[in-house]
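Reader: How do I read helix packing and burial in a model? Please take me through a case.

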Amino acid sequence: MEITTTTLHCFNFKTHPSEQVLLTCSRLRAHHHHSSILIPNLIQCRRPLPVACSVADGSSTSSASSRVAVHDPSLAVKKKASDISPELKGTSIFLVGMNSSIKTSLGKLLAESLRYYYFDSDSLVEEAAGGKSAVKSFWETDELGFRESETEVLKQLSSMGRLVVCAGNGAVKSSTNLSLLRHGISVWIDVPLDMVASGSTEDQGELVSDASIPHSEVFARLASLYEEMRDGYATADTTISLQKVASQLGYDDLNAVTTEDMTLEVLKEIERLTRVKKMMEEAAAPF
């Protein structure tokens, strides 16, 4: 399938932002079923690059690759993704949790490893609204309309396959959105709030629009939102906690956990979930 990255020329800035989201999603869905897919310029869709290894000592490529894999977590990610792809059968993956650079980077690497398309639901709403300032105004003047636009984006994305979707902070706020996430595998990426707050100006556009806001106030806003959304996040099929991954790897510093470390844990959990599903299906099959 050929992938084209371009700007969608389908926005009428005189219309309501929620109507623009409908136009975005209609164009997105229409092209998803053809030989090429039109992707908004704010959304990056990556395909995995071929892995090249040089063997300096003259030993066999396979044995050398095995030794490299031990020291290169990116190869472990690619191998695990390759192993589970046949059982995954194109099922989309939805990442929920507080917006952070960790969640975004993980989503992109996960999509690349599985040869999936990557989308950020907030970015789709933002582009449809006309940019960061426009979506901030949209949020402040019509939060209900913003949430309806968010639901429409999830509705369209959930009807497709082979996607990794980073869902926004509030994607779990409504029962409608939660049911849409059931169209794929949902994973809660649980990152400590202090780490989320450190990058909040960029990641929390609707909450923190001014870099001069004191860190204590930023943290308080995020903590309030987290408490509001936590029960929704907990309905995800599985949870990957950065603190737990750090503990498993023996790291005292949470910042030592890499994107590859987190992605590998997500893939392991997806593998476990697909195995459980397969076992349940086999148990329910008639003799």
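This is a predicted model: local features need pLDDT of at least 70, side-chain atom pairs count only at pLDDT 80 or more; totals for chains, interfaces and linings use all residues.

Reader: Let us begin with helix α3 (residues 73-88) and helix α4 (residues 101-114). At what angle do their axes cross?

Author: They cross at roughly 65 degrees, and the axes come within 8 Å. Angles of 65 to 115 degrees count as roughly perpendicular. So α3 and α4 are roughly perpendicular to each other.

Reader: Is the crossing of α3 and α4 left-handed or right-handed?

Author: Handedness is read from how the near helix is turned relative to the far one. Here α3 passes α4 in a right-handed crossing.

Reader: Which residues meet there?

Author: From α3 come V77, K78, A81, I84, S85 and L88. From α4 come E112, S113 and L114. By class, that contact has 5 nonpolar, 2 polar and 2 charged residues.

Reader: How do α3 and helix α13 (residues 259-284) cross?

Author: Their axes come within 9 Å and cross at roughly 20 degrees. Angles under 35 degrees count as roughly parallel, so α3 and α13 are roughly parallel to each other. This crossing is left-handed.

Reader: Which residues make the contact of α3 with α13?

Author: On the α3 side they are P73, S74, A76, V77, K80, A81, I84, E87 and L88. On the α13 side they are E260, T263, L264, L267, K268, I270, E271, T274 and K278. The class count is 9 nonpolar, 3 polar and 6 charged residues.

Reader: Take K80 of α3. Does K80 count as buried or exposed?

Author: Buried means under 20% relative accessible area. K80 has 18% relative accessibility, so K80 counts as buried.

Reader: What does K80 touch?

Author: Leave out residues up to four places away in sequence. Then K80 touches L264, L267, K268 and E271.

Reader: Now a whole helix. How many residues of helix α5 (residues 121-129) are buried?

Author: Apply the burial cut-off residue by residue. In α5, 9 of the 9 residues are buried, so α5 is largely enclosed by the rest of the structure. Charged residues are on the list too, including D122, E126 and E127.

Reader: What sits at the start of α5?

Author: Look for a side chain that reaches a backbone nitrogen. A side-chain oxygen of D120 comes to within 2.9 Å of the backbone nitrogen of D122.

Reader: And which residue takes a positive phi just after α5?

Author: That is G130, with a phi of about 110 degrees.

Conventions: Residues are numbered from 1 along each chain as its sequence is written. Side-chain values use heavy atoms; hydrogens and water are left out. Axes are lines fitted to C-alpha atoms, for helices over the stretch in contact, and angles run from 0 to 180 degrees between N-to-C directions. Helices (H or I, at least four residues) and strands (E, at least two) are DSSP runs, numbered from the N terminus. Angles under 35 degrees count as roughly parallel, over 145 as roughly antiparallel, 65 to 115 as roughly perpendicular and the rest as oblique. Contact means heavy atoms within 4.5 Å. Buried means under 20% relative accessible area, exposed over 50%, partly exposed in between (1.4 Å probe, protein chains only). A polar contact is a pair of N or O atoms within 3.5 Å; within protein, one must be able to donate a hydrogen and the other to accept it, and residues adjacent in sequence count only if both atoms are side-chain atoms.
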